[in-house]
Amino acid sequence: CRISGNWANWYGGGIYCDLSDPTITNCMISENRADDGAAVHCYRSNPTITECTISGNSASGSGGGLYCDYSSPTISNCTIGGNSANGAGGAVDCILSSPAITNCTIIGNSASYGGALYCYDSSATITNCAIAGNSAAWAGGAVVCRYLGGPTITNCTISGNSAPYAGGAVYCRSYNSAVITNCTISGNWATRGGALHCSWSSSPTITNCMIGGNSANDAGGIYCCEDSYPTLTNSTITGNSASHGGGLSCYDSSPTVSNCILWADTPDEIYVASGEAVVTYSDVEGGWPGEGNIDADPLFAGPGNDDYHLSTGSPCNDAGDNEAVPADELDLDGDGDTQEPVPFDLDGKPRFIDDPNADDTGNGDPPIVDMGAYEFQVPGDLNGDGCVDQADLGILLADWGCTGGDCPGDADGDGETDHADLGMLLGHWGEGCP
C-alpha cells in the first residue's frame with residue numbers, strides 16, 4: 001500500500017489508531033502532514049508496523065513519523081527517514097508509551113528535541129537499530145530520554161547525529177534511567193556531551209559500549225551535570241575531542257566507572273569541575289585514583305582502522321573486576337537467567353575469557369573479565385569456550401571454503417575460511433585449555 005500526501009488538522013496525517021490494534025505491512029507512508037503524528041498517530045492502541053518505509057512526513061507539533069500516546073506499538077524492519085517535527089521526535093515521539101522498535105533504520109530525521117526519538121516517561125525498547133544522521137535544533141540529536149522511566153537501547157549503532165545544545169547522540173534528563181547496552185556511539189556532535197548528556201538527576205546505565213570519535217565544546221564523550229549518576233561498565237571511550245573533558249566531564253555529578261578504557265581523548269580523559277568521578281579497574285590515560293586503575297597503552301588491535309579490540313598481552317586483558325559486571329537483566333543470551341553477569345561483549349562474543357599470555361591482575365576468580373567493550377578472544381577459539389581444541393577444528397573443517405564474510409570458521413576475520421585460518425588455529429592449539 002501507499003499512503004501519501006495526506007493532511008490532518010490535528011492527529012495522524014497518514015493513519016490514526018484510536019483504541020485499535022491494526023497490522024500495517026509493506027506500506028510506503030510518505031509526505032503526510034499533521035499537528036502530531038504526521039505519518040501514524042497511536043492513542044491507547046498497539047498497532048504492528050512491519051517492513052514499512054516512513055519518510056518525508058512533517059508535524060507542526062511532535063512526531064514527524066509516529067506519535068505514541070499511552071500506546072505500545074510494535075515496529076520492526078522499517079526505514080524511518082527524512083521526517084521532521086517542529087516539537088519533539090522527528091521520527092518517533094513516545095509519551096507514556098512502550099513501543100518496541102526492532103531492526104529499523106532511523107536516518108535523517110529532525111526536530112527541536114530528539115531528532116530521531118523522544119521518550120517522555122517511556123519504557124521504549126530499541127533493539128538492533130541504526131540511528132544515523134539525525135539532528136535536533138536544541139537537544140538530543142538522536143534520542144531524548146526525559147522524565148522517570150527509561151528506554152532500553154540494545155545492539156544499536158548511533159552515529160553522525162547532532163544537537164547544538166546538548167547530547168549529540170543521547171540526552172537524558174529529569175530522573176531518567178535509560179539502559180544502553182552493546183551499542184556503538186560514534187561521530188556525533190553537540191556543544192555539551194558529543195555522545196551523551198546527563199542532567200537533572202538522571203542515572204543511565206551504559207554497558208559494553210564503544211564511545212568514539214564524538215566531539216563537543218565540553219565533553220566529547222559524556223557530560224554529567226545537576227546531580228546525575230550514570231554508571232559505565234566495560235565500555236571503551238576513545239578518540240573523542242572537546243575543549244576540556246575529552247572523554248568525561250562532571251559538574252555536581254558523580255558517575256561510577258568500572259572496567260572501562262578511557263584513552264586517546266583530547267585534551268584529557270576526565271574533567272571534574274565539581275562532584276566526584278568514582279573510577280575503578282579502568283585504564284585511564286594520564287592515570288586516575290581508584291582501586292585497580294592503570295595507565296598503560298591498551299594495545300588496541302588497529303586504532304587507525306577503528307579497530308578497538310584488544311591484542312594479546314594487552315594490560316587490559318584479565319584486569320577488570322568480575323564483581324562490577326552487571327546482571328544480565330536483558331537476558332542477552334536467551335537462557336532465562338537474568339541474575340548471571342552479562343555474558344557477552346560488544347561483539348556478542350563470550351565475556352570472561354582468559355588470555356593465556358596475560359597475568360590475572362583484576363579482581364575475582366579466573367577467568368577475570370577484561371577492561372573495555374571487547375573481551376580478548378583467544379585466536380583460533382571459534383566456539384568461544386576459551387580453549388583451542390578439536391571442537392574448533394571441527395567448526396573450521398565443516399566451514400572450509402566459505403566466502404562472503406559470514407563464515408563460522410573464519411579465524412582471522414578476512415571473510416573466508418581457508419588455509420590461513422587453519423594455520424592460525426594450529427598455531428594456537430591448546431591455548432586456554434585446562
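Alanine 219 is placed in the loop between strand S33 (215–218) and strand S34 (222–225), where strands are DSSP runs of E of at least two residues and helices are runs of H or I of at least four, both numbered from the N terminus. Although alanine 219 is not a glycine, its phi is positive, at about 70 degrees, and the residue is buried, with a relative accessible area of 0%; buried denotes under 20% relative accessible area, exposed over 50%, and partly exposed the range in between, computed with a 1.4 Å probe and protein chains only. The model is a predicted one, in which local features need pLDDT of at least 70 and side-chain atom pairs count only at pLDDT 80 or more, whereas totals for chains, interfaces and linings use all residues. Residues are numbered from 1 along each chain as its sequence is written, and side-chain values use heavy atoms, with hydrogens and water left out.

A positive phi of about 55 degrees is also found at asparagine 128, likewise not a glycine, in the loop between strand S19 (125–127) and strand S20 (130–132). Asparagine 128 is partly exposed, with a relative accessible area of 37%. Two cis peptide bonds complete this part of the description: one joins threonine 266 and proline 267, with omega of about 0 degrees, and proline 267 lies in the loop between strand S39 (261–263) and strand S40 (270–272). The other joins proline 366 and proline 367, again with omega of about 0 degrees, and proline 367 is located in the loop between strand S44 (307–310) and helix H1 (390–398). Most residues other than glycine have a negative phi, and most peptide bonds are trans.

The structure holds seven aromatic pairs, defined by ring centres of Phe, Tyr and Trp (its six-membered ring) within 6.5 Å, with planes under 30 degrees apart termed stacked, over 60 edge-to-face and the rest tilted. Among them is the tilted pair of tryptophan 10 and tyrosine 11, at 6.3 Å centre to centre and with 55 degrees between the planes. Tryptophan 10 is exposed, with a relative accessible area of 57%, and lies in the loop between strand S1 (2–4) and strand S2 (15–18), while tyrosine 11 is partly exposed at 40%. The rings of tyrosine 251 and tyrosine 271 form a tilted pair as well, because their centres are 6.1 Å apart and their planes stand at 55 degrees. Since tyrosine 251 lies in strand S37 (residues 248–251) and tyrosine 271 in strand S40, this pair ties together parts that are 20 residues apart in sequence; tyrosine 271 is partly exposed, with a relative accessible area of 29%.

Trp10, Tyr11 and Tyr16 form one aromatic cluster, and these residues also make a nonpolar surface patch of about 370 Å². The charged end of arginine 44 sits over the ring of tyrosine 70, 4.5 Å from its centre, and that of arginine 173 sits over the ring of tryptophan 200, 4.1 Å from its centre; the criterion is NZ of Lys or CZ of Arg within 6 Å of the ring centre and within 35 degrees of the ring normal.

Overall, the protein chain has two helices and 44 strands, and 52% of its 434 residues count as buried.

Definitions and conventions:
Patches are made of residues with over 30% relative accessible area and no salt bridge: like charges are joined within 9 Å, nonpolar side chains (Val, Leu, Ile, Met, Phe, Trp, Tyr) within 5 Å. Accessible areas come from the Shrake-Rupley method with a 1.4 Å probe; for residues, only the protein chains shown count as cover. A salt bridge is a side-chain nitrogen of Lys or Arg within 4 Å of a carboxyl oxygen of Asp or Glu.
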